[in-house]
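Student: Hi, I'm new to this one. Could you walk me through it?
Tutor: Happy to, here it is.

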Amino acid sequence: MKKSMTQSLSHFCLAAGMTLSLAACVNIPYKAPIQQGNVVEADRIGMVREGMTKVEVANTIGSPILQDIFHADRWDYIYRLDKHYQKPDQRRITIWFNKGVAAKIERDLPVETTTPVAKPASK
């Protein structure tokens, strides 16, 4: 009786030790998502047009986080999101101004513009 109890206890300890060691091998440390830059929604980007002033652009999508003193007529909006062990998501919008008015806009993401839908003619 004593031998079978000792044997079952040793089997239990062996199974518990193997389970704990296997769980330690699978453990992946948590990596928090890191969000950097300007968060600009796609509908807001679609509202920015050439010919807008700096104030109008800033009111629409916000002012850039960093303004380059060497390129005062260029605003860069950069957004980067590093997710948990995935490829980072990065987006960029660059607006060039000429005399305080937007002259050129570059985007690396598609713009969803809303166009008014024509109503069918009523009879």
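Student: Got it. Which side chain does Arg91 meet in a salt bridge?
Tutor: That would be Asp89, at 3.8 Å from N to O. A salt bridge here is a side-chain nitrogen of Lys or Arg within 4 Å of a carboxyl oxygen of Asp or Glu. Asp89 is partly exposed too, with a relative accessible area of 26%.

Student: How many salt bridges does a search of the whole structure find?
Tutor: The search finds 6. One of them joins Lys54 and Asp73, with the closest N and O atoms 3.8 Å apart. That pair links distant parts of the chain, as Lys54 is in helix 3 and Asp73 is in the loop between helix 3 and strand 2, 19 residues apart. Helices (H or I, at least four residues) and strands (E, at least two) are DSSP runs, numbered from the N terminus.

Student: And what about Arg92, which residue does Arg92 form a salt bridge with?
Tutor: Arg92 pairs with Asp76, and their closest N and O atoms are 3.4 Å apart. Arg92 sits in strand 3 and Asp76 in strand 2, so this bridge ties together parts that are 16 residues apart in sequence. Arg92 is partly exposed at 32% relative accessibility, while Asp76 is buried at 19%. There's also a network of salt bridges that links Arg74, Asp76 and Arg92.

Student: Switching topic: how many aromatic pairs does a search of the whole structure find?
Tutor: The search turns up 1. Trp75 and Phe97 form that pair, which is edge-to-face, with 4.9 Å centre to centre and 65 degrees between the planes. Rings of Phe, Tyr and Trp (its six-membered ring) pair if their centres lie within 6.5 Å; planes under 30 degrees apart count as stacked, over 60 as edge-to-face and the rest as tilted. Trp75 belongs to strand 2 (residues 74-82) and Phe97 to strand 3 (residues 89-98), 22 residues apart.

Student: Which residue lies over the face of Phe97?
Tutor: Lys54 does, at 5.4 Å from the ring centre. Lys104 likewise lies over the face of Trp96, at 4.8 Å. A charge counts as over a ring if NZ of Lys or CZ of Arg is within 6 Å of the ring centre and within 35 degrees of the ring normal.

Student: Nice. How many residues has the largest nonpolar core?
Tutor: It has 13, and those with the most contacts inside it are Val48, Val57, Ile61, Tyr77 and Ile95. Such a core is a set of buried Ala, Val, Leu, Ile, Met, Phe, Trp, Tyr and Cys residues joined through side-chain atoms within 4.5 Å. Helix 3, strand 2, strand 3 and strand 4 (101-107) each supply at least two residues, and strand 3 gives the most, with 3.

Student: What is Val57 in contact with?
Tutor: Leaving aside neighbours within four places in sequence, the contacts of Val57 include Val48, Trp75, Tyr77, Ile95 and Phe97. Contact means heavy atoms within 4.5 Å. Thr60, found in helix 3 (residues 54-61), is buried at 14%.

Student: Last one: what pLDDT does the protein chain average?
Tutor: The average is 79, and 80% of the residues score at least 70. pLDDT is the predictor's confidence in each residue, from 0 to 100. Over residues 112-120 pLDDT stays under 50, and the model has 2 contacts beyond four places in sequence for them. Where pLDDT is low, the predicted coordinates should not be read in detail.

Methods. Residues are numbered from 1 along each chain as its sequence is written. Side-chain values use heavy atoms; hydrogens and water are left out. Buried means under 20% relative accessible area, exposed over 50%, partly exposed in between (1.4 Å probe, protein chains only).
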